[in-house]
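Reader: Please take me through this structure, beginning with the ligand.

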Amino acid sequence: MDYTKFDLIVVGAGFYGATVAERKAAEGKKVLVIDRRDHVAGNAFSYRDQETGIEIHKYGSHIFHTEDDGVWDYITKFTDFNDYVHTVPTRHDGKLYPMPINLDTINLLYGTDMGPEEAEKFVAEEAAKAGITEPKNFEEKGISLVGEKLYTTFIKNYSEKQWNTSAENLSADILSRIPVRYSHDDRYFMTAKHQGIPVDGYGKIVENMLDNKNITLKLSTSFVSIIDQIPESVPVVFCGQVDELLNYELGVLPYRSLRFEAEWVNEDEPEGADSKLGHAVINEADSDVAYTRTHFYKYYQIHEPEVMNQSKSYVVREYPADFRRGGEAYYPINNAENEELYEQYVELLHERHPNIMLGGRLGAYKYWDMDKAIRFALDFAANLEV
Ligand SMILES: Cc1cc2nc3c(=O)[nH]c(=O)nc-3n(C[C@H](O)[C@H](O)[C@H](O)COP(=O)(O)OP(=O)(O)OC[C@H]3O[C@@H](n4cnc5c(N)ncnc54)[C@H](O)[C@@H]3O)c2cc1C
């Protein structure tokens, strides 16, 4: 391929890369988009199962939510969203509790019937009981915020599964606050001005974004394997991992990963009973359940009652997993040591490949929701001269 004919190469067809490519193509620039996967949309990718119509979120549940009107105006040029509002109950001892913790969570757990003021006073007293003023670790911080019972039931085991270590070994800094609502509000994204699920799925949004005569899409292609063929005169936006790009010369940037176990079930059979509960996601709070979340994707499709109401369901159990070099990088571990390693990589990249700019959540070594990835990409593209 003659790479010199492009004004810009974007590596990564996730929301960040697709937004940068779409914005530059709209200005008349010729853009090549490369992704090593055989599909677009990055980690947000979903596709429709032909038999059931269920939209399968390949890398875990994705709910679009934003407070940013600019992002909403931009993304709705490429898709309609349904009116889904996300709620996530947490399962403890077979019973479901609203999460984040609200008035109903508290009353259900303690078997009480408190009103908002009484409950707030009660939780403050529970938190004060342990007398922790300077928490030394995650566990002490959690207890000092909401008291032992709420912390142990809903926060401790879930977090220990996520991090695969005891809460006593985790830093208190990870837990800046535990949201508690003294109301019945069980919306997961309480401050989201806009939220929903794209009616034709996430893959289709990005296909629409890249459907432009100025964009060439090359899937199943790893940038690392073609980097030697890219002339230095062509600017590149790289939305992958910088340590991989530089052959892990300074070491591996740490992440937490995930593993998904999926199965088709029939809701009328005992093994499908959980799906009948009608939730898209259930958090699993107990330590004897190894997975952290169970997903029932069909319940996102509120705009297609025939999909939701069929007896077949696709169930996915999400297990936290250690990250190994070359594996799926999900959540960066942003402590001071890792940030420093990242900064060293950024410097090295500027020295070696001055034409390569980092973008996207992997390139930035940050966790971003989709709307943030789009917002940062819109701002970046607006300032990028190619
Ligand atoms: C489990 C989970 C659940 C999430 N749920 C939500 C949610 O509900 N709502 C929400 O707003 N956000 C959610 N997110 C965040 C969302 O996934 C990200 O915001 C979004 O994926 C960021 O887009 P991106 O383009 O930066 O990165 P990505 O989507 O990761 O895209 C990067 C792309 O670059 C490609 N790439 C990487 N390296 C190379 C290489 N060397 N050569 C070629 N291609 C390469 C990858 O294949 C990938 O397609 C969730 C994230 C996780 C991990």
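Author: A residue counts as near a molecule if its C-beta atom, placed from the backbone, lies within 6 Å of it. The model is predicted: local features need pLDDT of at least 70, side-chain atom pairs count only at pLDDT 80 or more, and totals for chains, interfaces and linings use all residues. Residues are numbered from 1 along each chain as its sequence is written.

Reader: How many residues surround the ligand, and which are the closest?

Author: The ligand is surrounded by 34 residues, and G12, G14, G42, G240 and G360 are the closest. Helices (H or I, at least four residues) and strands (E, at least two) are DSSP runs, numbered from the N terminus. Two or more residues of the shell come from each of α1 (15-26), α8 (223-226), α12 (360-364) and α13 (370-383).

Reader: How do I read strand pairing, and which strand does β13 pair with?

Author: Two strands pair if DSSP finds at least two bridges between them. Here β13 (residues 255-266) pairs with β16 (residues 312-322) in the antiparallel sense over eleven bridges. Within that pairing, S257 has A321 as its bridge partner. Strand β15 (residues 293-296) is also antiparallel to β16, joined by four bridges, and R293 is partnered there by E318.

Reader: What are the domains of the protein chain?

Author: Domain bounds come from an automatic or database domain assignment. It gives domain 1 (3-53 + 196-254 + 332-383) and domain 2 (99-181). Their C-alpha centres lie 38 Å apart.
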